[in-house]
Amino acid sequence: MILGIECTAHTFGIGIVSKGKILANVKDMYKTEKGGIIPVKSAEHHREVAEKIYDEALNKAGISEQQIDAIALSNAPGLAPCLLEGLRFAREKARKLNIEIIPVNHCVAHLEIGQSVGSRDPVLLYASGANTQIIAFTGGKYRVFGETLDIGVGNFIDKFARFIGEGFPGGPKIEELSKFGKYIELPYSIKGMDVSFSGMQTKLQQLYEKEARKEDLAFSLQEVAFSMLVEATERALAHTEKNELVLGGGVDCNKRLQEMCKIMCEERGAKFFCPSNDLLTDNGAMIAYTGEIMFNSGIKMKSEEVDIKPRERTDDVEVSWK
Ligand code: AMP
Ligand code: MG
């Protein structure tokens with residue numbers, strides 16, 4: 001029985017996993033009226049909700065805390081105050097229960113949770129607020145084959161949504177508006193397997209000021225930004241010679257992006273795996289799930305030995321469990 005804690009950014013979540021089965025996945029998200037995350041406020045949020053989320057997760061799984069064998073913690077990468085809060089909570093529980101901690105890289109967990117819906121050796125299109133990366137496991141490491149050169153696709157969408165007076169999070173609002181839009185040409189920016197969004201951002205703002213319809217801009221933003229992601233992902237599939245794609249990250253909740261990925265996979269005979277929204281967005285279950293795989297290969301640390309790694313890169317992760 002592994003209990004996983006997600007704490008890297010806006011979400012505090014706890015998942016419980018046993019033998020690859022998800023028994024609970026409870027979370028609470030720090031939200032702002034407007035603007036982005038203030039790290040210390042988000043950490044305060046985590047502190048306030050932690051105990052309640054913990055109890056709810058145990059209840060949901062129908063277990064007592066004494067049944068937990070180890071605590072998996074998303075100790076990297078992320079916002080330092082949030083990671084510290086997660087570490088504090090994990091240590092407190094680990095000491096109380098006299099168990100150890102498994103440090104889990106958040107990005108790796110987004111890839112590994114794909115196994116719960118059937119993927120084995122996939123390319124991950126990780127499209128979230130702050131992160132946009134195309135990741136696969138090759139040559140003994142999780143490697144980043146493509147990424148954004150400026151901002152994460154989610155932050156890009158949110159920024160535009162804010163510009164046109166839609167609140168946060170902008171993604172679902174843009175998706176809704178896009179249903180009533182038609183196509184306007186926008187800058188398409190892809191270099192090798194990397195993408196960038198700032199040119200499109202500027203163009204969208206200019207068009208909006210020239211009174212283009214919100215619906216048309218939302219539709220076109222999705223078509224162009226998602227085509228870029230899908231093109232880069234297809235290149236990564238070709239380059240790695242893998243034949244599975246898995247999605248991860250909040251932007252991957254978008255139905256149009258899912259559809260485009262599915263079509264691309266069908267056209268090249270690759271398998272397409274899309275976890276449910278609860279597992280696409282940040283969650284404790286993916287941390288517990290990955291933690292269990294690591295634990296089974298003997299990875300665990302005394303609570304005082306674990307530290308946070310706010311800037312750990314996906315390809316820096318030492319992998320001994322594969
Ligand atoms: P994450 O950082 O993984 O929690 O994802 C949060 C990001 O996902 C935010 O930027 C949201 O605007 C974005 N998002 C959520 N739902 C959608 C959607 N349906 N379409 C596009 N973006 C979305
Ligand atoms: Mg994430």
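Me: Which residues are the closest to ligand 1?
Reply: This is a predicted model, in which local features need pLDDT of at least 70, side-chain atom pairs count only at pLDDT 80 or more, and totals for chains, interfaces and linings use all residues; side-chain values use heavy atoms, without hydrogens and water. Residues are numbered from 1 along each chain as its sequence is written, while chains are lettered from A and ligands numbered from 1 in the order in which they are written. A residue counts as near if one of its heavy atoms lies within 4 Å. Ligand 1 is surrounded by 15 residues, and the closest are Ser128, Asp158, Gly171, Glu175 and Gly250.

Me: How far is a polar side-chain atom of asparagine 254 from a nitrogen atom of ligand 1?
Reply: Polar contacts are pairs of N or O atoms within 3.5 Å (within protein, one must be able to donate a hydrogen and the other to accept it, and residues adjacent in sequence count only if both atoms are side-chain atoms). An oxygen atom of ligand 1 is 2.7 Å from a side-chain N or O atom of aspartate 158, and an oxygen atom of the ligand is 3.0 Å from a polar backbone atom of glycine 129. For asparagine 254, the distance to a ligand nitrogen is 3.0 Å.

Me: What is the strand order of the sheet that contains E6?
Reply: Strands (E, at least two residues) and helices (H or I, at least four) are DSSP runs numbered from the N terminus, and two strands pair if DSSP finds at least two bridges between them. Strand E6 (residues 123–127) runs antiparallel to strand E7 (residues 132–138), with five bridges; valine 123 is partnered by alanine 136 of E7. Strand E8 (141–147) and strand E12 (271–273) each have a single partner strand, so one side of each is left without a neighbour in the sheet. The sheet is open, its pairing is mixed, and its order is E8-E7-E6-E11-E12.

Me: At what angle to E7 does H7 run?
Reply: Angles run from 0 to 180 degrees between N-to-C directions, with axes fitted to C-alpha atoms (for helices, over the stretch in contact). Contact means heavy atoms within 4.5 Å. H7 lies across E6, E7, E8 and strand E11 (244–248), and its angle to E7 is about 10°.

Me: How far apart are the axes of H7 and H8?
Reply: The crossing of these helices is right-handed (the near helix is turned clockwise from the far one by less than a right angle). Among the contact residues are Phe226, Val230 and Leu237 of H7 and Leu257, Met260 and Met264 of H8. Helix H7 (residues 214–240) and helix H8 (residues 255–268) pack at about 35°, and their axes are separated by 10 Å.

Me: Which residue of E3 is the bridge partner of glycine 15?
Reply: E3 belongs to an open sheet of five strands with mixed pairing, ordered E3-E2-E1-E4-E5. Strand E3 (21–29) is an edge strand, as is strand E5 (100–105). E3 runs antiparallel to strand E2 (residues 11–18), joined to it by eight bridges. For glycine 15, the partner in E3 is asparagine 25.

Me: Which residue is joined to proline 77 by a cis peptide bond?
Reply: Proline 77 lies in the loop between E4 and H2. Helix H2 (residues 80–97) packs on the sheet at about 165° to strand E4 (70–76). The cis bond has an omega of about -25°, and the residue joined to proline 77 is alanine 76.
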